[in-house]
Amino acid sequence: MARWTTVVAVVTLYVALQLAINAGLDLQARDRFREAPDQAAAFVAALDHYADGDASARAGITAGSAWFAKNAPPAGESRPTVAAAAEEAEAGRVAPARQRVASLSAQVAHDQASLSRQFTSSALDALWWLVAAEALLAPALWLRRRRRAGAAEMARIVSRFAPNHPWWRRPLFLTANGFGSGLFAAGFYAYSAFTHQGASPMPVVVQMLLLPLGLGSLAAGFFLLRYTRPRAARDAARALLSDGRRPVLYLRSFKPADEDMAEVDDVVAVNIHSREEQLAASLSAFGPVIAVGDPEESLPRLGAARFYLPTDDWKPAVRQLMDLSQLIVLHLGLGDGLWWEVEQARSTQPPRKLILLVPKDREDLAPRLDVLLPTPTRLDEVTAGQSWISAVVSFDAEWNPQVHPVHRPPWESPRRSWLARLPSRSKSAFLATMTTFTPVHLVARAVKAALASNGIRRRGMVARGDYAAQAVLWKGIELVTGLGLLVWLAVRVLQLFGLS
């Protein structure tokens, strides 16, 4: 609620600023046109003198026409009248010119009234939008404060274990990261434009420039993002304060789970986002996703927001965070520390709060898990799909396991045998549209089914992960759009002060 209120408040404020600038420009136009009656009288007098044979009056006609062309409203009545009269006079037809300006004073009065009404209308519009923006900013700030207060306890616990970096580090790398996103998106769409020219190919010169510039921008953005994204990542304390909801606690053995989750699947075009980033995006439908970081890593892995516990005294903090989290996602693996976490979750937490991710080709985990449960999981009967996770396990109120296999993509189902009969071209086109079915997409669907079996539902959970697979492209577009709006606002401000 706080985020949506803030977004609406910012958009409303932007519109109010644009309308306020419009009102300022309308006020300037009205004030400049105050001299119109005197200018109209001088123009008519110049026409009269010119009709009497005074050749020097021609300069007055030209000056009057130029003044009205600059200061009269474009849609008004006086500007075309003066312009037509000046043309008639230049052609030597003075009598028709004098006839045209017979009602010029009335037209000027009408234009002045029109400018006054226009300023009044634009000023009222700007005032209403400013009032609406102020009315929205107050609850947005209150909700933000309330959100941060709700996460204060969790943030206090986690902040004790957050790495200590200078205050300027993250803003600096965020700026560089935004620049990299813009380069990456620009390069991708330039290359796409080159490869999808359709029936109207581009000129050769444009093609020769577009391809290297697109590829160069794409490569520069990729390497810049690769360097800045881990350094611009939020730590767990920042993530908690920014979101305000109770978090999702992600637990796993550091190895090999982190290596598996750090893989980048190439199903989606130019995907640079790891499996953990996409899964964390799906789980963010419930709250911020936090995880204990590997003390041996020099930079935080992307995905769940990290905090770092001491290696000799980490259990009390994990136990406390389990109690405060709304959901625990535990990636099974080897390691005594991980199985201590499984036992703690089993003995201290409600069953519906725990979700287990079972890695593929690890049948040795089932017997160790079954010892802790009243009924066996039968994980050995699960057929492994294409994902690195073979199944997701949830629990009912009696801790009986409910196994949800990570299925193959829908088009590989035997019920989709019609796909095999399609021509190769049609089949390729169909599969090209199925880029959202990444391995993480299939895992997220299984997690969603596991949570739904306990009555826990969140709309858009799977879609969030799909968005994360192309997040850099979308962020690049959003950044370019935002900068364009800011530049347009700056141009309008310069116009208001007469600097443009």
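Which residues form a nonpolar patch on the surface? I began my notebook with this question, keeping in mind that the model is predicted. I found that Leu 124, Leu 127, Trp 128, Trp 129 and Val 131 form the patch, and that together they have about 530 Å² of accessible area.

I then looked up one of these residues, Trp 129, and placed it in helix H6, which covers residues 104-150.

Next I turned to His 273, which I found in the loop between helix H11 (257-261) and helix H12 (275-283). Is His 273 buried or exposed? I noted that His 273 is buried, since its relative accessible area is 5%, and buried means under 20%. I saw that its side chain makes a polar contact with the side chain of Arg 229 at 3.1 Å, while the side chain of His 273 also reaches the backbone nitrogen of Val 472 at 3.2 Å. Setting aside neighbours within four places in sequence, I listed the contacts of His 273, among them Val 264, Gln 278 and Ala 468.

My last entry concerns Thr 228, which I located in helix H9 (residues 204-232) and which counts as buried at 2% relative accessibility. The side chain of Thr 228 reaches the backbone oxygen of Leu 224 at 2.8 Å, and, leaving aside neighbours within four places in sequence, I found Thr 228 in contact with Phe 173, Ala 176 and Asn 177. I also looked up Ser 103, which is 125 residues from Thr 228 in sequence and 68 Å from it in space, C-alpha to C-alpha.

Definitions and conventions
Residues are numbered from 1 along each chain as its sequence is written. This is a predicted model: local features need pLDDT of at least 70, side-chain atom pairs count only at pLDDT 80 or more; totals for chains, interfaces and linings use all residues. Side-chain values use heavy atoms; hydrogens and water are left out. Patches are made of residues with over 30% relative accessible area and no salt bridge: like charges are joined within 9 Å, nonpolar side chains (Val, Leu, Ile, Met, Phe, Trp, Tyr) within 5 Å. Accessible areas come from the Shrake-Rupley method with a 1.4 Å probe; for residues, only the protein chains shown count as cover. A salt bridge is a side-chain nitrogen of Lys or Arg within 4 Å of a carboxyl oxygen of Asp or Glu. Helices (H or I, at least four residues) and strands (E, at least two) are DSSP runs, numbered from the N terminus. Buried means under 20% relative accessible area, exposed over 50%, partly exposed in between (1.4 Å probe, protein chains only). A polar contact is a pair of N or O atoms within 3.5 Å; within protein, one must be able to donate a hydrogen and the other to accept it, and residues adjacent in sequence count only if both atoms are side-chain atoms. Contact means heavy atoms within 4.5 Å.
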